[in-house]
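Take a moment with the sequence and the structure. The paragraphs below walk through them step by step.

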Amino acid sequence: MSAAAIASPSWRIRRRRRVIDTVMAVLLTAATAIAVGLLLLILGYLIVNGLPALNLAFFTERPKPFGVEGGGVGPAIVGTLIVSAVAGVIAIPIGIAAAIFVTELRPGRWGAIVRFSAELIAGLPSIAVGVFVWSFLVRGLLGKYSAIAGAAALAIIMIPIVARTTEEVLRLVPGSLREAALALGAPRWRVVMRVVLPTARAGVATAAVLALARAAGETAPLLLTALGNLFFSTDLLRPIAALPLQIYQYAASPYDDWHAKAWGASLILVAVIAVVSFALRAFAPRVPR
Amino acid sequence: MRSGRGDRLFAGGVTGLALIVPLTLAGITLLMVDAAWPSISTYGLGFLTSSTWDPVKEIFGAAAYLYGTLVTTAIAVILAAPVAVGAAIFLVEYAPRRIAGTLSFLIEVLAYIPSIVYGLWGLFVLVPLFRENVEPFLQATLGVLPLVGGLFGGPIGGRDLLVGGVILAIMILPLLVAVSREVIAAVPTAQREGMLGIGATKWEMVRGAVLPYARIGIVGAIVLGVARAFGETMAVTLVVGNSSTAITSSLFVPGYTMASAIANQFVEASGKLYFSAIVEIAVLLLLVALIVNTLARLLIRRVAGTPQGFAI
């Protein structure tokens with residue numbers, strides 16, 4: 001009796017500790033399973049509902065009014081390409097320059113200011129960026145909804161992504177390379193343009209394409225600026241279609257046929273973003289985390 | 001250092017382009033406050049406390065939108081934080097390294113899906129599920145309880161604050177996991193070894209040595225998640241209802257959030273005050289984002305250095 005009485009509490013405590021340990025391991029595994037399961041669930045719905053909507057006409061034709069068979073999201077695909085490209089032309093040089101400024105030119109206080117501003121812009125809700133361009137360009141300077149306003153909004157969203165990713169890559173270029181070039185008598189600008197940037201070439205390209213892929217999926221800022229268009233348009237001063245806008249319009253409609261098209265367009269959008277992002281990830285040089 | 005003409009040109013060009021970044025931030029803030037000024041000066045603090053939003057009489061109070069944003073954000077964080085922190089602990093402390101890499105990658109993929117696609121999925125998958133099954137169940141079980149019952153009362157429509165919060169929870173999950181994973185991974189190994197060395201079980205090690213050390217960073221991650229949820233627009237706009245500006249206790253009300261109010265009304269905002277009031281809502285989102293992001297980054301930096309969750 002006496003020996004068992006002394007032994008039993010410690011045995012019980014040990015068993016309790018073991019049970020708690022197992023229960024927690026199971027709960028933590030379950031949390032991970034939920035997160036991964038949600039992804040698989042969403043992708044599954046996207047593929048099952050999106051695939052039936054896809055055919056050649058879906059990529060090339062313009063949207064038909066409700067009740068008319070067929071039709072596609074051709075203008076939206078063209079529009080997304082145009083708006084993203086223009087946004088890239090604006091944002092990529094600024095982003096790369098910001099990264100060079102922060103790593104090569106002014107690593108001190110000014111560099112910190114540029115980097116912190118970029119971080120804060122990255123943290124802005126995209127709708128706020130949209131409202132800014134809407135009030136400043138659409139309701140202000142330009143006076144109308146237009147593709148160029150959409151590109152401006154996307155550019156603001158892209159700049160911090162380009163800047164941050166480029167900065168990480170530039171930091172990977174060994175300091176000894178810079179020192180070697182400087183020791184040979186090369187001026188600073190030549191060191192950056194001919195040694196540092198070419199060494200980091202692949203990474204800088206990754207930064208640019210990653211930002212483009214991210215911008216292509218944005219909806220809210222385009223809604224307030226590019227507005228959308230049912231016709232093919234390449235005019236930067238007119239409203240233009242975009243895939244996310246087309247999805248929004250189709251999804252918010254009451255028609256089953258349009259819902260199916262919304263799934264199809266979403267599948268295209270996600271597929272493009274996924275292929276681009278992961279192809280880059282596979283081929284780009286490793287950025288240490 | 002020798003500084004030739006080429007160097008001066010180069011430095012000038014790069015500096016000029018780089019300074020566009022802080023100037024853009026300043027420009028966004030100042031020009032938006034300027035555009036919102038008619039509304040700010042007309043309604044003052046009443047803009048935040050009144051829920052009367054009447055474009056015809058030009059009376060604008062955004063309290064109902066503010067309420068919708070706070071409620072959906074709260075639901076999102078309450079649902080997402082435990083799952084995200086749990087998954088982060090699992091990925092760092094429990095999973096074999098190879099599997100951890102693959103699983104982290106899969107969760108990261110969630111961050112690549114555009115907001116509008118979450119909205120589509122929410123509208124056609126979550127909304128019917130909640131209307132037919134989840135919400136009637138909640139009403140029958142939790143709805144009869146004394147204190148919290150009011151949250152689950154009223155008619156069920158499926159497009160409401162609750163579903164808005166759920167879709168937000170899914171959307172902020174990858175960000176929360178990524179940042180929590182980083183701050184947990186930044187806990188020194190010696191901390192863990194010390195705890196295991198005195199005979200702790202794995203969970204006791206996590207609870208006693210890892211979590212206290214990473215706590216500030218995890219709070220920072222959650223704050224970042226709040227910032228993200230606060231301004232999220234398209235997904236919420238599609239599922240939150242956008243029809244009632246009454247503030248009631250029920251989560252089943254088809255309400256608005258600040259972002260969804262903007263997305264729904266900007267086209268109609270022709271009058272000067274209406275326009276200005278819409279911009280003021282965006283200014284509120286902007287200010288919250290600036291404050292919260294600054295705070296969160298300070299918290300995370302204290303634990304894990306520069307946060308990598310930045311570009312997500």
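This is a predicted model: local features need pLDDT of at least 70, side-chain atom pairs count only at pLDDT 80 or more; totals for chains, interfaces and linings use all residues.

Residues are numbered from 1 along each chain as its sequence is written, while chains are lettered from A and ligands numbered from 1 in the order in which they are written.

Chain A holds 12 helices and 0 strands. Helices (H or I, at least four residues) and strands (E, at least two) are DSSP runs, numbered from the N terminus.

Now the overall form. The C-alpha trace of chain A spans about 90 × 70 × 35 Å along its principal axes. Its radius of gyration is 26 Å, whereas a compact globule of 289 residues would have one near 19 Å. That radius is taken over C-alpha atoms, and the globule rule is 2.2 Å times the number of residues to the power 0.38.

Chain A is divided into domain 1 (2–53) and domain 2 (60–283), with bounds from an automatic or database domain assignment. Their centres, taken over C-alpha atoms, are 40 Å apart. Each domain of chain A gives 7 residues to the contact. Two residues are in contact if their C-beta atoms, placed from the backbone, lie within 7 Å.

Last, helix H4 of chain A. Its 15 residues (109–123) should span 21 Å at 1.5 Å a residue, and the end C-alpha atoms agree, at 21 Å apart. The expected span is 1.5 Å times one less than the number of residues.
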